[in-house]
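Please examine the following complex with attention to its core, its helix packing and the contact between its chains. A short briefing follows the display.

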Amino acid sequence: MQEEYTLQMENIEKEYFGNRVLKGVNISVKPGEIHALLGENGAGKSTLMNILFGMPVIHSTGGFGGEVSICGEKINIQSPKEAMEKGIGMVHQEFMLIPGFTLTENIKLNRERLKGNIISRLFKKDSHKFLDYKEMNRDSRRSLDMLGIGIEEWVTVAGLPVGYMQFIEIAREIDKSNIKILVFDEPTAVLAESEANNLLKAMKKLAKTGIAILFITHRLDEVMYAADNVTILRDGELVATRKKEDTNVLELAELMVGRKVEVSNKAEEESRKHKEVMLSIKGLKVNMPGEEVKGIDLDIRNGEIIGIGGLAGQGKIGIANGLMGLYETTGEIILRGEKLKLNDTKESLTKGLAFVSEDRRGVGLLLESSIEHNVTITALQIKGKFLNRYGIFNQIDSKKIREHSLKMIEDLDIRCTDPQQLTKRLSGGNQQKVCIARALTLQPDVLLVSEPTRGIDIGAKKLVLDLLVQLNKELGMTIIMTSSELAELRSICDRIAIITEGRVEGILRPGDSDRDFGLMMAGEYHKIHGKEAI
Amino acid sequence: MTESIKEFTSKFGLPRLIITGFFILICIISVFVGLPFDSMLSDIIRRFGMYGILVLAMVPAIQSGIGPNFALPLGILCGLLGGMISMELGFVDAMGFWSAIIISLPFAIITGWLYGLMLNKIKGSEMLVATYMGFSAVAFMCIMWILLPFKHPEMVWPIGRGLRVTVSLDSTYAQILNKFWAFEIGGVNIPTGLLLFFLGSCLVVWLFTRSKIGIAMKAAGDNPKFAVASGINVDRCRIIGTTLSTILGALGIIVYAQSFGFFQLYMAPQFMAFGAVAAILIGGASAKRAKISHVILGVFLFQGMLTVALPVANELIKEGSLSEVLRFIVQNGIILYALTQVGGGE
């Protein structure tokens with residue numbers, strides 16, 4: 001164990017319920033080094049950081065394997081509090097600041113400087129002391145100056161631009177006297193470009209003072225600009241550690257995505273190319289919190305499977321939700337040459353769209369209801385199917401519902417005891433099939449499927465994907481599939497649109513290189529290839 | 001063995017099990033202390049029909065997602081108003097009964113609709129708001145009962161102004177349903193009309209839940225996000241549920257009053273919602289799920305227990321009104337238990 005490393009994590013392994021999410025990861029950071037940690041969603045970055053911070057989620061799920069040492073000293077961190085005492089600081093992605101407090105108060109929260117008064121001397125208790133604002137302001141000033149922030153320390157946080165909040169978080173961390181290592185968790189995700197640049201400069205400045213910095217990001221150019229070393233994780237495995245000088249953006253992109261892809265036979269691809277446009281999206285903006293769409297133009301042809309990929313939080317999920325009118329939407333959606341009324345779910349459903357939500361248990365199912373009820377309810381409400389009419393009164397037609405559900409259960413191979421079974425008793429894969437069955441009951445022209453394989457086991461994943469392909473081939477159904485799993489998109493889609501920062505970064509074929517996918521996901525494609533490359 | 005017991009308990013519900021056990025226990029005791037069984041059974045059946053519709057009013061409310069309707073007094077007040085107006089207009093017998101219902105309907109619909117609009121603005125704290133809504137409405141109507149220009153000599157105080165605290169129905173339509181096709185079997189009096197009316201109301205509500213709008217309402221209550229994604233107007237469904245509940249409340253009090261023989265004004269409706277909520281919860285409903293079967297079983301168990309407990313308690317302990325205390329403990333205990341179950345894990 002050498003003294004020269006501030007942080008060493010060796011052979012880190014972690015299992016969540018038999019699912020290995022980290023498989024022997026090594027990482028070491030020297031004082032004053034900026035070390036970038038790169039990887040897709042689910043690559044294991046967050047888990048690694050949770051281990052470093054001793055988050056309860058790690059210990060409540062059986063701890064981890066491997067060793068963590070700080071400044072050569074082996075440690076076993078049990079709680080975030082302990083991590084802080086050991087000199088590990090974290091700058092969070094979401095700001096953990098109290099809006100009504102001043103900068104100083106936020107920076108010094110729970111570490112206030114105190115000064116004595118009569119009562120405190122009388123009772124000899126710290127809790128009766130006054131706050132020493134003068135000292136506290138001076139400390140805060142020092143931290144803020146170090147970051148090159150010009151705002152006064154007595155301003156309240158509320159109303160400050162987002163860019164500044166990040167800096168206040170950093171100021172809070174570096175104000176801690178024992179800080180040795182600082183973790184930045186995607187700090188630039190919410191910042192504008194100029195703010196991001198400021199932040200990176202501040203990071204470099206900090207590193208010069210001898211603090212080791214661990215920098216988690218998706219953005220490759222930031223890595224190249226700021227980091228000294230880069231570690232790339234993929235599916236919980238350490239793929240490579242590179243010095244900045246020895247690598248370039250293209251290589252990083254390839255390393256980040258790289259996986260073997262079975263490129264399925266796309267012989268019909270050519271014939272599809274000339275088919276008419278089914279759905280045309282123009283300037284679509286969707287105000288979905290955390291997945292904002294900021295202006296998308298996309299043409300979807302009749303009978304194709306189009307994939308929508310990209311990293312989490314970039315807006316890919318927002319597209320399908322916007323098309324269905326579930327979140328506030330502006331722009332233009334043209335379905336079969338007809339303009340679609342926006343923000344009206346009923347209209348979208350009536351006009352032939354059907355949606356399998358990414359939030360299966362929250363939006364996709366009535367968990368307390370039977371399979372047959374789940375399968376038929378949307379068609380019943382939208383198309384008035386499965387109803388017996390008696391003048392102005394109507395009653396559900398249980399017989400038809402049963403017939404249809406049994407057919408769906410057989411067609412989609414839903415494993416259940418009977419159509420009356422409650423959907424909450426089904427496994428994830430079967431629940432997903434119920435969601436798809438519900439969408440199919442609407443007999444849609446366009447099927448929107450979001451994250452169809454999230455949270456279901458591998459066997460069921462394949463079944464669900466095969467089902468989508470089968471629907472596409474046999475019924476000629478146009479499918480828009482949104483997924484975080486690139487491999488999945490590449491295995492069944494005709495085209496894949498990659499969304500970055502709420503816009504289409506580019507459209508790729510499944511067979512295109514890993515490098516292109518990596519670059520697009522990181523939002524670097526344009527910078528390298530120029531606009532005309534699309 | 002213990003497994004199967006556990007399964008049975010979770011399926012049947014612990015409170016329901018305790019209440020059933022308690023009910024059977026006091027039934028046995030009642031025989032031992034020598035209480036007349038036939039008259040007690042008549043009483044249970046009569047109260048079953050009498051309270052039934054008020055409990056039924058909880059079903060659309062719970063199904064549409066606003067939870068147990070603690071603002072049932074709103075509906076009750078509309079029913080009372082309808083009853084008062086019908087009496088003032090001089091309707092008697094069947095005409096009086098039906099006109100009371102018909103007159104109360106517009107009031108109930110408008111009140112329910114407005115109240116539904118309000119509930120849509122305070123999603124998440126319906127139960128608390130509903131409780132105080134009910135209290136305030138009762139207090140407001142206390143003033144109205146005095147100020148409204150009713151003249152009928154059987155309703156107003158002989159001296160001074162305002163309506164009496166209890167308005168007798170003897171000269172109009174007291175017992176009209178109870179006596180309809182009533183018969184006696186082994187000393188037990190069966191109020192056929194009352195039971196038919198209650199079961200008929202249940203049937204209507206059941207048919208409604210199987211209609212397109214009823215299914216939409218249930219989905220909106222079960223999972224609002226799901227409902228929105230299926231193109232269902234959740235707010236509208238909640239308003240429909242609230243309105244329906246208010247209408248049933250109005251209907252319920254008129255049926256209650258004809259069996260009781262009196263309209264009770266002023267503070268009487270204040271706590272009526274609690275008994276109804278407790279009954280449906282004992283029947284197996286939760287704050288999020290309710291079925292007609294919960295109503296029937298719940299009202300039978302709850303009212304049955306109260307009917308038997310009263311004389312039994314008076315036999316066992318002579319002093320004080322123990323049965324009233326018992327009713328409060330059971331009623332509020334059950335509500336408390338059900339509320340702790342709300343929002344629990346799966």
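The largest nonpolar core holds 246 residues, and I213(A), L448(A), V55(B) and A276(B) have the most contacts inside it. Helix α12(B) supplies the largest share of this core, 14 residues. A nonpolar core here is a set of buried Ala, Val, Leu, Ile, Met, Phe, Trp, Tyr and Cys residues joined through C-beta atoms within 7 Å; buried denotes 20 or more other C-beta atoms within 10 Å of a residue's own, with C-beta atoms placed from the backbone. This is a predicted model, in which local features need pLDDT of at least 70 and side-chain atom pairs count only at pLDDT 80 or more, whereas totals for chains, interfaces and linings use all residues. Residues are numbered from 1 along each chain as its sequence is written, and chains are lettered from A in the order in which they are written.

**Confidence**

- The predictor assigns the complex an ipTM of 0.79 and a pTM of 0.76.
- Chain B has an average pLDDT (the predictor's confidence in each residue, from 0 to 100) of 86, and 95% of its residues score at least 70.
- Within chain B, confidence is lowest in helix α1 (residues 2–12), with a mean of 71, and highest in helix α12 (residues 234–260), at 93.

**Helix packing in chain B**

- Helix α3 (residues 37–56) and helix α13 (residues 272–282) of chain B pack at about 85°, their axes 9 Å apart.
- That angle makes α3(B) roughly perpendicular to α13(B) (the term covers 65 to 115 degrees).
- Y51(B), L54(B) and V55(B) of α3(B) form this contact with M272(B), A276(B), A279(B) and I280(B) of α13(B) (contact requires C-beta atoms, placed from the backbone, within 7 Å).
- The contact of α3(B) with α13(B) comprises seven nonpolar, no polar and no charged residues.

**Surroundings of L448(A)**

- Leaving aside residues up to four places away in sequence, L448(A) touches A320(A), L323(A), M324(A), L353(A), A354(A), F355(A), V356(A) and I480(A).

**Contact between the chains**

- Chain A contributes 24 residues and chain B 18 residues.
- On the side of chain A that touches chain B, α15(A) gives the largest share, five residues.
- By class, that side of chain A has 13 nonpolar, eight polar and three charged residues.

**Helix packing in chain A**

- The axes of α15(A) and helix α16 (residues 398–411) of chain A come within 9 Å and cross at roughly 100°.
- Helices α15(A) and α16(A) are therefore roughly perpendicular to each other.

Terms used. Helix = DSSP H or I, 4+ residues; strand = E, 2+ residues; numbered from the N terminus. Axes fitted to C-alpha atoms, helices over the stretch in contact; angles between N-to-C directions. Parallel < 35°, antiparallel > 145°, perpendicular 65-115°, else oblique. Contact = placed C-beta atoms within 7 Å. Nonpolar A, V, L, I, M, F, W, Y, C, P; charged D, E, K, R; others polar. Buried ≥ 20, exposed ≤ 12 C-beta atoms within 10 Å, placed from the backbone.
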